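User: Could you take a close look at one part of this structure for me? I'd like a connected walk through it, with the terms spelled out.

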Amino acid sequence: MNRKVIFIGFLFSILLVFINSSKKDDFPVLKGPYLGQTPPGMTPEIFAPGIVSTGHYEQSNSFSPDGKAFYYTLVGPKYGIILFMKMHHGKWSSPQTAPFSGKYNDYYPFYSPDGKRLYFVSMRPVSGQGEPRKDFDIWFVESIENHWSEPQNIGSPVNSGRYEL
């Protein structure tokens with residue numbers, strides 16, 4: 001990918017944040033587990049229509065083990081970004097871009113069982129600077145005092161010169 005693609009992705013992220021912030025007054029009040037949705041059952045249903053499932057390409061979601069945070073991927077025109085929602089005082093926030101996402105192609109957020117790490121795949125450069133990779137590696141962020149650390153590449157032998165998804 002070149003700088004033009006990164007720039008377009010950056011603009012897409014800014015637009016998404018602007019849309020989300022301008023709709024905060026219109027965002028419905030969501031209370032309770034599963035973003036206030038009916039808990040999952042044996043019949044497939046669209047999850048959180050108009051909130052998470054918006055008619056765009058949303059995928060690969062993960063709730064924190066305590067059920068108070070929700071991360072998922074929104075696929076844009078050129079790449080994916082990771083969005084999140086958190087429960088504060090019993091109410092869910094509107095979707096926002098994860099603090100570690102939005103600059104590179106990021107997908108598939110998944111919590112560790114203890115909730116201390118969030119794993120995801122990304123095409124970000126291992127050095128943290130320069131052009132994006134041409135394949136996905138597995139990365140993680142660690143929870144430190146209710147904030148995420150800088151993304152860390154999980155390294156070998158898990159990551160290789162091939163796509164890790």
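Analyst: Let's start with E58, which is buried, at a relative accessible area of 19%; buried here means under 20%, exposed over 50% and partly exposed in between, using a 1.4 Å probe and protein chains only. Before going on: the model is predicted, so local features need pLDDT of at least 70 and side-chain atom pairs count only at pLDDT 80 or more, while totals for chains, interfaces and linings use all residues. Residues are numbered from 1 along each chain as its sequence is written, and side-chain values use heavy atoms, with hydrogens and water left out.

E58 sits in strand 1, residues 57-63 (strands are DSSP runs of E, at least two residues, numbered from the N terminus). Its side chain makes a polar contact of 2.3 Å with the side chain of T54. That term covers a pair of N or O atoms within 3.5 Å; within protein, one must be able to donate a hydrogen and the other to accept it, and residues adjacent in sequence count only if both atoms are side-chain atoms. Who else touches E58? Setting aside neighbours within four places in sequence, E58 is in contact (heavy atoms within 4.5 Å) with V52, S53, Y72, T73 and L74.

As background, side chains in a regular strand alternate between the two faces of the sheet.

Terms used. Helices (H or I, at least four residues) and strands (E, at least two) are DSSP runs, numbered from the N terminus.
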